[in-house]
Amino acid sequence: MISVLFIANRLFSSMAKRGPRPVVVCGPSGSGKSTLLNRLFAEYPNTFGFSVSHTTRKPRAGEEDGVHYNFVSHEEMEQAVANGEFIESATFSGNMYGTSKEAVRKVQNAGKVCILDIEPQGVEQVKKTDLNPILIYNNPPSVEALEQRLRKRNTETEETLKKRLDAAASEIAYGLTPGNFQKIIHNIDIDQSYEEFREFIVAELKAQEAAGITIAW
């Protein structure tokens, strides 16, 4: 008997193939991803849409539910993952994170290119779908620079900071491994990095337009 989950995945895959390829951006917390993405959204407000991830961690000061993350309980997230509602999910520093199919559908239904900001575990899972993502890794100047940026946020305890820096070392190793990403941005100078980031994405979208995919500019 064909399962409901199998049918749902087939329907999602079929729908996903009709739109522009999503853009996956990966990199350690504090590496400058948010700055790159915010600039991209500001320059192309009609082109890109951010897939709002789910997480079981508590909101930080200034974060809004449904805007920065969809904040849910651990039990809710585990059940949703078990029900096949997520494209990818991962556990980081004791909290679950993930991209729901509904979050991507919402962006696609608006006619925009979907942006996913996810961890290496999630990247590996997305690679196994039919989404055919554009994969970009944002590399920080150094682990020391990351530590300085994270400390300036004043959102981490010494324990959580250590966990993030340990995870960052693994992410950097994964991000710099040949074949894992189509593009690596060495984010040392933010202006230069953004130019490189934007040019790569725009070139990819232009290639899709030439192949008959509609892109909103």
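Colleague: How many bridges join β5 to β6?

Modeller: There are 6, and the two strands run antiparallel. Strands pair if DSSP finds at least two bridges between them. Strands (E, at least two residues) and helices (H or I, at least four) are DSSP runs, numbered from the N terminus. Here Phe 86 sits opposite Ser 100 in β6. β5 and β6 form a hairpin with 2 residues between them. Ser 93, in that turn, has a positive phi of about 50°.

Colleague: What ground rules apply?

Modeller: This is a predicted model, where local features need pLDDT of at least 70, side-chain atom pairs count only at pLDDT 80 or more, and totals for chains, interfaces and linings use all residues. Residues are numbered from 1 along each chain as its sequence is written, and side-chain values use heavy atoms, leaving out hydrogens and water.

Colleague: Where is confidence lowest, and where is it highest?

Modeller: Read pLDDT, the predictor's confidence in each residue, from 0 to 100. The protein chain averages 89, and 92% of the residues score at least 70. Helix α1 (residues 4-17) is lowest, at a mean of 46, while β9 is highest, at 98.

Colleague: Which residues does Thr 56 touch?

Modeller: Thr 56 lies in the loop between β3 and β4. At 12% relative accessibility it counts as buried. Leaving aside residues up to four places away in sequence, it touches Val 72, Ser 73, His 74, Met 77, Asn 95 and Met 96. Its side chain also reaches the backbone nitrogen of Met 96 at 2.8 Å.

Colleague: How far does α8 reach?

Modeller: Compare the end-to-end span with the expected one, 1.5 Å times one less than the number of residues. α8 (residues 190-210) has 21 residues and reaches 30 Å from first C-alpha to last, close to the 30 Å expected. At its start, a side-chain oxygen of Asp 189 comes to within 3.3 Å of the backbone nitrogen of Asp 191. After α8 comes Gly 212, with a positive phi near 105°.

Colleague: Which elements do the buried residues of α8 pack against?

Modeller: An α-helix has 3.6 residues a turn, so residues three or four places apart point the same way. In α8 the buried set includes Tyr 194, Phe 197, Ile 201, Leu 205 and Gln 208. The buried residues pack against β1 (23-26), α2 (33-43), β2 (48-50), β7 (113-117), β8 (134-139) and β9 (183-186).

Colleague: How many disulfides are there?

Modeller: The test is a pair of cysteine sulfur atoms within 2.5 Å. The count is 0. The sulfur nearest to that of Cys 26 belongs to Cys 114, 15 Å away. Cys 26 is buried, at 1% relative accessibility. Cys 114 is buried too, at 2%.

How values were computed:
Buried < 20%, exposed > 50% of the residue type's maximum accessible area, 1.4 Å probe, protein only. Contact = heavy atoms within 4.5 Å. Polar contact = N/O pair within 3.5 Å; in protein donor to acceptor, adjacent residues only side chain to side chain.
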